[in-house]
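Have the model open while you read.

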Amino acid sequence: MTALTPPEGLLVPPGHGRTVRTPAQHVTFKVTGTHSRAASSFEVVVPPGFDVGAHVHARSEELFYVLEGELDVLAFEPLVRTRDNWQRWESGSGNRVVRATPGTVIVVPPGCPHAFANPTDSPAKMFFQASPPPDHERYFDELLRILDAGGSPDVAAIEELRSRYDIEQLTPLRHG
């Protein structure tokens, strides 16, 4: 008879985890699909001027928790999906974009348009979970390779990458 090894949890101290850095994002992988069947978890620093653009996932569910700073956030189906400025969108029930401050939680079910932007002069920080893993992990890694190629970002390659990872971009991503 052999003794079973008890399962062990994962502890990721502050400042630890693999970090992906680009001019537009600073993402630290905290929990990956290697450690969780439920979700990938990241710490994200959102620089001033960054706008992820409104987008939607057919399969993924996401959770955002604002840790520091302020972000404009959207998590609803608008009356009209305009291609320019999601900050002006309004839902059929009257929901509008909200200024999220530390402690704000945003849960985004599959099929729900959502976005975040940092309209302030200071970086914001959030905890971000995406389910199922490891789709967002792979997306961030592949996006970094495209952006590291030098020169202007390959828009066609980024669009193809997004389509493979369940990201339908509704309004443009902007940074800087």
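Buried means under 20% relative accessible area, exposed over 50%, and partly exposed in between (1.4 Å probe, protein chains only). This is a predicted model, where local features need pLDDT of at least 70 and side-chain atom pairs count only at pLDDT 80 or more, while totals for chains, interfaces and linings use all residues. Residues are numbered from 1 along each chain as its sequence is written, and side-chain values use heavy atoms, leaving out hydrogens and water.

A salt bridge here is a side-chain nitrogen of Lys or Arg within 4 Å of a carboxyl oxygen of Asp or Glu. That rule gives 10 salt bridges, including these:

| Pair | N to O distance |
|---|---|
| Asp51 and Arg174 | 3.9 Å |
| Arg59 and Asp166 | 3.9 Å |
| Glu160 and Arg164 | 2.7 Å |

Start with Glu160 and Arg164: both sit in helix H2, four residues apart, about one turn of the helix. Helices (H or I, at least four residues) and strands (E, at least two) are DSSP runs, numbered from the N terminus. Glu160 is partly exposed at 39%, and Arg164 is partly exposed at 40%.

Ser60 is buried, at 3%, and belongs to the loop between strands S4 (55-56) and S5 (61-68).
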